[in-house]
Amino acid sequence: MSRVFVHGVGAVSPAGWGVEALRDALRKGERIPTVEMARPGWNKSLQVRAVPLPSGRPAFLAHPRLRRSSAITQHTVGAALEAVGADLPSIQRGEFKVGLVVCLMSGSVTYSRRFFEEVLKDPSVASPMLFPETVYNAPGSHLAAYLNSNTVSFTLVGDDSCFLQGVAVAAGWLMEDVVQGCLVVGAEEADWLVADASHLFDRRAVQGAGAGAMYLRRDMPVNSGVELACITDAFSFGFSKDRAEAVKNVRAQLPVGNGNELLCLAAHGLPRRDADEENAWRDWSGTRFAPKQILGEAFTASAAWQCVAACDALARGEFKAANVSIVGASRQAIGARFIRSANTQSK
Amino acid sequence: MLFPPPKKTENSHRVVITGAGIVTALGAGWRINADGFRRGRQAFRPVTLFDVSRQRSKIAAEIDLPPELPATKLSARQLARLDRATKMLLLAAHEAWAQAGWKPGEDLPLVLGTTGGGMALGEHYVEHALKTPDSQRQQSTRLVNYQAQNQALNVCDAFDFRGSITIITNACASGANAVGHAWELLRTGRAERVFTGGHDALCQMIFAGFDSLQALSLTPCRPFDAERNGLSLGEGAAMLALETLAHAQARGAVILGEVIGYAAATDIHHLTQPHPQGDAAFTTMTTATAVAGITPEQVDYVNAHGTATPHNDSTEAVAINRWAGARVATLPVSSTKASIGHTLGAAGAIEAVACLMTLREQWLPPQIVAGKSDPACGFQIVRQPTDASINVALTNSFGFGGANATVIMRRWA
């Protein structure tokens with residue numbers, strides 16, 4: 001039976017720590033205020049949408065592996081723990097086998113930049129404390145350590161589309177009974193280097209940061225649940241393939257939908273960048289969410305927020321189905337559909 | 001559609017290799033690498049790619065890239081922008097693609113492993129951004145081309161195929177995870193063919209990183225030696241054309257070998273140090289052999305992760321001893337990193353090709369370094385060029401963050 005259910009979602013975003021903050025921000029529809037981030041060598045600052053400090057020090061920071069962890073690791077763990085919810089103790093006791101897929105585009109850019117700056121100054125004194133945290137899979141490793149999970153763990157790198165690729169990998173592991181549950185996280189952190197890079201392509205782009213997480217299992221949650229209905233193929237674009245065509249192909253593989261359904265778009269609120277997606281979904285008559293417009297561009301985390309927002313709205317009974325359209329920052333477009341399923345067996 | 005998967009058949013599919021490509025410091029291509037591995041040739045030299053004058057270690061296994069790449073579908077503009085890592089990747093991909101005799105297509109997944117992608121370009125980007133903050137000259141080109149997904153798309157463009165792109169970055173297990181994930185896609189009927197492998201080029205940041213940890217040896221590395229003192233870095237790429245047996249036979253392909261087992265696990269002991277008892281390595285070897293339906297007695301050669309760091313090799317030795325049981329005393333083990341260094345995200349794929357070479361040509365790759373074996377090694381370290389009857393080969397890959405993977409391959413006769 002090829003059924004995969006979303007048992008929990010989690011989010012850390014410029015709106016705050018938790019799905020509730022994400023939900024409120026999207027419902028409100030107002031862009032999160034930007035903050036200034038100093039850019040070395042410039043008189044003016046870059047504007048970013050940063051993750052605010054949590055209301056209290058998260059308990060997970062007491063774990064030996066997390067005390068000095070990078071922001072991206074903290075985002076990853078924060079979102080993941082919210083998603084697993086009440087399953088955490090049984091996972092930590094090893095009673096429930098959970099795989100991890102952590103998806104990144106920029107990765108641990110702050111520690112990487114700091115380490116490389118030290119290398120440029122004098123490699124003989126570059127800090128051995130920083131280097132291990134620069135490795136792409138450090139956040140996934142720390143999360144596995146916190147969960148006490150020694151089963152399979154992947155870190156995937158790519159643009160925004162990588163998050164749904166990660167969900168597909170997780171679904172495969174569940175189908176094959178490699179794991180009983182799987183966490184998929186998309187995470188990024190704010191740094192002037194990333195914001196500077198985004199400015200090369202569009203000066204109006206505002207960098208965001210944070211993480212989104214989905215906790216998947218094969219069994220249906222009690223009473224009702226959100227089900228992964230499909231993930232489209234991933235359509236490349238770039239040198240030889242047209243971006244508009246890739247987005248249209250995603251659209252063609254997803255059900256048409258109706259006025260009672262939700263569409264979570266990758267749109268930035270920048271007309272030229274959004275045109276391909278806007279054209280592909282022009283006929284959509286239902287409700288639309290576009291988290292990036294509110295929260296900023298955070299690549300794999302943005303893609304995760306789209307899915308989290310969709311699943312959260314379904315779980316709350318606001319819609320019966322939701323389509324997600326992800327147009328990667330650099331190379332691939334992909335989509336997914338989630339539906340609300342009633343647990344008829346429990347009735 | 002990536003999900004739901006096609007309806008599962010009753011039996012899992014057998015997965016065969018129909019093409020293999022490799023480039024290491026030994027050279028580009030199967031023949032020169034097979035000859036080098038067979039003789040245990042070492043390919044280390046002083047680093048020339050970046051300044052190492054302030055580093056402890058000053059050697060690595062650098063590749064001399066050929067002046068021109070083989071002809072592909074890439075445009076002159078694309079070719080002009082290729083970085084060193086992508087050139088290696090394309091060299092290996094070209095060899096594997098040509099050997100497999102594959103045709104362009106729209107439904108061919110690409111699964112790659114890397115730790116750095118085009119990191120050297122990323123370094124230039126950062127250096128430029130810091131030193132000339134008001135100039136954006138060539139910055140967007142550096143930014144686009146340093147990304148691993150762009151390197152993957154170059155492979156797709158070069159051979160005119162499309163499909164889902166999955167880039168696994170599980171540190172030094174990335175290449176093995178890529179081959180293993182590709183095998184899973186095929187075994188479970190989610191694809192008929194998958195192009196897979198790994199690549200990584202030397203770069204200053206990673207070299208300095210390992211040097212800062214004092215993990216680099218000042219001399220060519222000596223895996224499993226009692227007095228080993230660290231690893232030597234290398235660079236390279238390897239690609240494998242994998243397909244289901246039914247697909248390969250239907251098109252009359254020449255079959256080079258079979259992938260029969262894979263397993264992955266996470267060592268949560270420490271970010272950079274393995275569990276002293278090698279629990280995760282033991283798990284992956286045990287699970288992979290169980291999945292393959294064989295016992296350690298049926299494994300004829302182990303290509304060890306064997307980085308030559310004190311921690312890795314002692315842990316791996318313990319894990320191999322535990323896994324092999326009574327077989328350990330006669331089990332031939334070697335680390336081809338003694339020849340080509342640690343190629344990080346490429347290592348698992350390169351070592352899979354090295355295993356394929358042993359299966360195809362029936363020899364064991366030696367590590368010719370004088371010295372005394374670590375007493376923890378209950379197995380036979382291959383010290384001399386040796387002809388042998390090899391039916392099954394197993395390769396281990398372990399990485400920072402505790403990523404562990406084992407791949408098992410069988411001779412096709």
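## Strand S8 of chain A and its surroundings

In S8(A), Gly210(A) is the bridge partner of Glu188(A). This is a predicted model, in which local features need pLDDT of at least 70, side-chain atom pairs count only at pLDDT 80 or more, and totals for chains, interfaces and linings use all residues. Residues are numbered from 1 along each chain as its sequence is written, with chains lettered from A and ligands numbered from 1 in the order in which they are written.

Helices (H or I, at least four residues) and strands (E, at least two) are DSSP runs, numbered from the N terminus. Two strands pair if DSSP finds at least two bridges between them.

| Strand of chain A | Sense of pairing with S8(A) | Bridges |
|---|---|---|
| S1 (residues 4–13) | antiparallel | seven bridges |
| S7 (residues 181–188) | antiparallel | eight bridges |

How many residues of strand S8 (residues 210–217) are buried? Eight of its eight are, where buried means that 20 or more other C-beta atoms, placed from the backbone, lie within 10 Å of a residue's own. In a regular strand, side chains alternate between the two faces of the sheet. Gly210(A), Gly212(A), Met214(A) and Leu216(A) are on one side of S8(A), with Ala211(A), Ala213(A), Tyr215(A) and Arg217(A) on the other.

Now for the whole chain: chain A has twelve helices and 14 strands. Buried residues make up 61% of its 347 residues, and its C-alpha trace spans about 65 × 50 × 40 Å along the principal axes.

Conventions
Buried ≥ 20, exposed ≤ 12 C-beta atoms within 10 Å, placed from the backbone.
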